[in-house]
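Okay, everyone, let's get going.

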Amino acid sequence: MSAATTSGSSATAGSDMLYRSAPNMCEYDVVVIGGGHAGCEASAASARAGARTVLVTQKIDTIGEMSCNPSFGGIGKGVLVREVDAMDGLCGRIADLGGVQFRILNRSKGPAVHGPRAQVDRVIYKRHMLQTLESYPGLDLRAGSVADILLERPTDLDERSLKRLASQDSASAVAAATVTGVRLESGEIIRARKVVITTGTFLGGEIHIGLKAFPSGRKGEAASTGLSKSLKDAGFRLGRMKTGTPPRLAGSTIDFSRMPKQLGDMPVTPFSFVHDSVPYANDQVACYQTHTTPAVHKVIEANFDQSIHIRETVRGPRYCPSLESKIKRFSEKDSHVIWLEPEGLPEHTDVVYPNGISNTMPEDIQLKFLRLIPGLENVTMTQPGYGVEYDHIDPRELKRTLETKRVTGLYMAGQINGTTGYEEAAAQGILAGANAGLAAGHDKAPDRAGETPQLVLDRSDGYLGVLIDDLITRGVEEPYRVFTARSEYRLSSRADNADIRLTRRAAALGLIRDTSRLARLDAVEADMAQAQALLSQVVHLPHEWEAKLGGDRRVGRNGARTSALDMIQKGFLAEDMSADSRQPENIAPELMPKARKCTGGPRISDIVPGWADVPLNIRRRVATEAMYHGYLRQQQLEANTFKREESLRLPVDIDYSQIRVLSREEVDRLSRVRPDTLGAARRIGGITPGGMLALLKHVHDLRLELTSEKKDPRYLRKKVAMKKVVANMTMGNDMSALYREVVACMHIPDLEVKKMVYLFLINYARARAEIANHAVNGFEDDVNDANPLIRAMAIRTMGYIYVERVIEGLIDPLRHCLRDRDPYVRKTAAMAVLKLYMFDRSLVEEEKFLDMLKDLLADGNPAVVANAVAALTEVSERSP
């Protein structure tokens with residue numbers, strides 16, 4: 001990995017020397033490496049965030065290639081596609097344009113586990129994706145292979161220090177370098193503020209067919225080996241994973257007449273919230289079902305020694321295993337289902353994808369067992385199946401933004417993080433690209449005050465939050481895929497409400513370019529409110545409901561009037577979630593039980609006049625919300641508790657070995673992962689409830705150190721040291737040097753040091769005004785610090801320092817802190833107002849100050865309210 005070793009003013013000079021040595025050089029805000037599903041979403045999201053972005057990929061014409069199965073979505077995965085679309089992502093909209101069969105999986109179960117899925121024409125999808133990115137504002141496409149990541153390191157690190165940092169445990173790594181761009185194999189350098197790596201299976205990729213192995217990331221395309229070495233040189237520990245793809249078959253050589261047929265849903269449910277229908281809704285293709293036989297299993301078992309891919313030293317996907325793995329793992333089964341899925345419309349291709357038989361057997365063995373499958377006796381194989389091994393990083397190296405801990409400005413998304421699947425890649429891509437673009441925009445802003453805007457989702461926000469949290473807290477031992485059981489909030493994180501959950505959140509960060517999306521969301525919510533009002537207007541007494549429900553005595557006889565909305569919540573009325581206009585004769589008898597839900601009892605439309613006129617998607621959404629009403633309320637309480645834990649930040653430099661209650665294993669796990677919140681620590685495997693309580697108490701003690709008399713030993717030692725400094729003051733030593741030494745400590749990013757500095761200022765600055773004047777710049781930085789404790793310390797100290805220059809410079813930050821998101825900061829700010837009023841009443845008699853203090857009277861935190869009351873009381877008593 002190339003590095004310009006620079007620090008301070010020499011940084012630019014060192015970098016310029018490196019760049020001038022290149023034959024060609026250009027500059028962007030963000031470079032995205034890789035044109036797969038993660039790369040497409042990352043580059044588009046970065047551009048939407050306002051960053052000048054370039055997507056670098058080996059071949060422009062392979063952008064958007066569907067390397068494996070010709071489909072998007074599924075159980076769990078379909079929700080991810082909806083969440084990407086809700087944030088103005090691309091894959092859902094483009095899958096709609098190329099979709100040739102649409103289905104909602106799990107129709108026979110509740111809406112919380114419904115899985116939108118679409119069979120997609122490869123040609124149409126790739127064409128639309130390329131056209132979209134080529135014309136995307138703020139985005140350039142560049143053909144090339146990245147050979148190296150360019151880094152910048154500080155000069156004060158010697159060779160031994162650099163090696164020590166590079167050898168850090170992966171998850172506990174701290175940034176020792178900053179990314180500055182990439183170098184292509186052609187020698188061209190692209191300078192950038194941020195880099196997003198989305199290399200998929202190309203990173204150190206190796207294809208296996210039988211006993212043959214050769215470097216490649218996808219059949220017919222070269223692997224990325226230089227980039228893999230570059231990451232190793234930076235200290236990233238790379239692991240190996242594997243995946244596979246089945247052989248491709250000529251449809252004209254398959255006897256479909258012997259197989260059950262599966263048709264798409266009618267009406268079609270598009271992926272994108274901005275689409276009401278899809279181009280090929282009335283021309284959907286059929287899929288067909290067949291299966292393996294004992295004869296097939298015997299052929300494969302007899303040739304296990306002919307494949308190097310099935311070795312156990314490299315982990316493959318558990319939930320989408322190869323045929324060899326299924327036969328070994330489930331030896332008692334003599335048959336496995338195969339779905340024959342067309343890869344597109346008949347006018348585009350005759351190729352069929354046999355879903356369920358990915359394998360890496362030699363080509364002759366593959367053709368032999370294929371012709372033992374019912375309906376494939378005369379099949380022609382157009383491409384053999386093959387396996388791919390590739391490099392990945394430990395995702396515990398990543399922050400929640402998908403920026404690496406080891407290298408500032410470097411982001412990872414997709415299979416490089418140990419995941420599998422188009423949907424998981426696209427979801428990571430939009431999050432990494434958005435955060436890279438937002439951070440680049442913040443870096444180049446002339447006024448970089450405040451925190452960098454970030455797109456960060458937690459587990460209660462959706463499946464993307466679950467995906468990221470699982471990766472960064474638990475790591476991966478096998479290719480990770482999303483499914484509904486991974487989410488504890490799946491009742492609220494459904495496919496049908498992703499727009500309500502995420503669209504406005506993305507819009508607040510400037511990530512929604514399609515303005516019609518927000519207008520549609522407003523219209524949907526208005527329609528849902530009208531539909532709920534329609535249900536609320538239909539009210540009957542219990543005996544009337546009993547009659548309408550065919551004599552159902554479970555209604556009860558409490559005499560209270562009940563609305564139709566209440567009856568849905570109680571389970572007496574329901575919307576048909578499996579509505580399908582296909583005629584039963586078009587569905588194979590074997591598939592009928594799964595294609596139709598038994599719907600006994602009255603429908604909502606039988607009871608509520610005008611309900612049938614409400615659009616189908618609105619009816620289903622309203623009915624789902626009502627049906628889950630009680631559960632959603634309970635889940636919201638759980639989510640609130642979860643968010644409180646997530647809001648309790650853990651110091652990045654916490655010394656877990658000092659928490660004596662923790663076991664050695666718990667200390668090791670916490671030190672390795674270094675969770676950023678208490679909630680993330682709870683989800684690390686091996687942390688006991690007792691360990692969590694000890695950690696909570698330790699963090700709570702840190703938060704109370706400013707006011708508690710019970711200081712820990714380290715704090716007391718620092719206090720003694722500070723007292724010695726004060727003693728030097730009273731003995732008349734050189735005060736100017738001492739002032740400068742103390743004030744300089746304000747810029748040290750250490751919480752303990754800042755506590756001592758502010759304690760010093762509170763105790764002595766009133767008598768030493770020059771200290772406070774020296775400290776103005778440090779105050780201005782700390783009142784905008786990301787840590788609420790530091791913000792509170794700065795504001796609290798301001799209330800004690802009656803120095804005009806300091807107060808004038810901090811009045812605006814004080815107003816801001818009265819509305820801070822942290823209650824401790826709000827409480828401290830209210831007390832600072834009181835102290836400043838006692839110093840100069842003109843400061844707090846301003847109408848804005850008084851209004852803000854009055855707003856605090858409605859605060860949910862008692863301590864905040866108490867301080868606001870005290871301040872207002874003082875103002876009222878002293879005002880004429």
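So, Glu-389 makes a salt bridge with Arg-240, and their closest N and O atoms are 3.6 Å apart. By salt bridge I mean a side-chain nitrogen of Lys or Arg within 4 Å of a carboxyl oxygen of Asp or Glu. Glu-389 sits in strand 20 (residues 386–393) and Arg-240 in strand 13 (residues 238–245), so this pair ties together parts that are 149 residues apart in sequence. Strands here are DSSP E runs of at least two residues, helices are H or I runs of at least four, and both are numbered from the N terminus.

Before I go on: this is a predicted model, where local features need pLDDT of at least 70 and side-chain atom pairs count only at pLDDT 80 or more, while totals for chains, interfaces and linings use all residues. Residues are numbered from 1 along each chain as its sequence is written, and side-chain values use heavy atoms, with hydrogens and water left out.

Back to Arg-240. What else does Arg-240 form a salt bridge with? That would be Asp-391, with the closest N and O atoms 2.9 Å apart. Asp-391 is in strand 20, so here the parts tied together are 151 residues apart in sequence. Buried or exposed? Glu-389 is buried at 3% relative accessible area and Asp-391 is buried at 7%, whereas Arg-240 is partly exposed at 29%. The cut-offs are under 20% for buried, over 50% for exposed and partly exposed in between, using a 1.4 Å probe and protein chains only. The model has 40 salt bridges by this rule.

Now helix 5, residues 122–134. Its buried residues are Arg-122, Ile-124, Tyr-125, Met-129, Leu-130 and Leu-133.

Last, the cores. A nonpolar core is a set of buried Ala, Val, Leu, Ile, Met, Phe, Trp, Tyr and Cys residues joined through side-chain atoms within 4.5 Å. The largest has 106 residues, and Phe-72, Ile-197 and Leu-464 have the most contacts inside it. Helix 11 (residues 422–444) gives the largest share of that core, 12 residues. There's also a second, separate core of 23 residues, including Val-524 and Trp-611.
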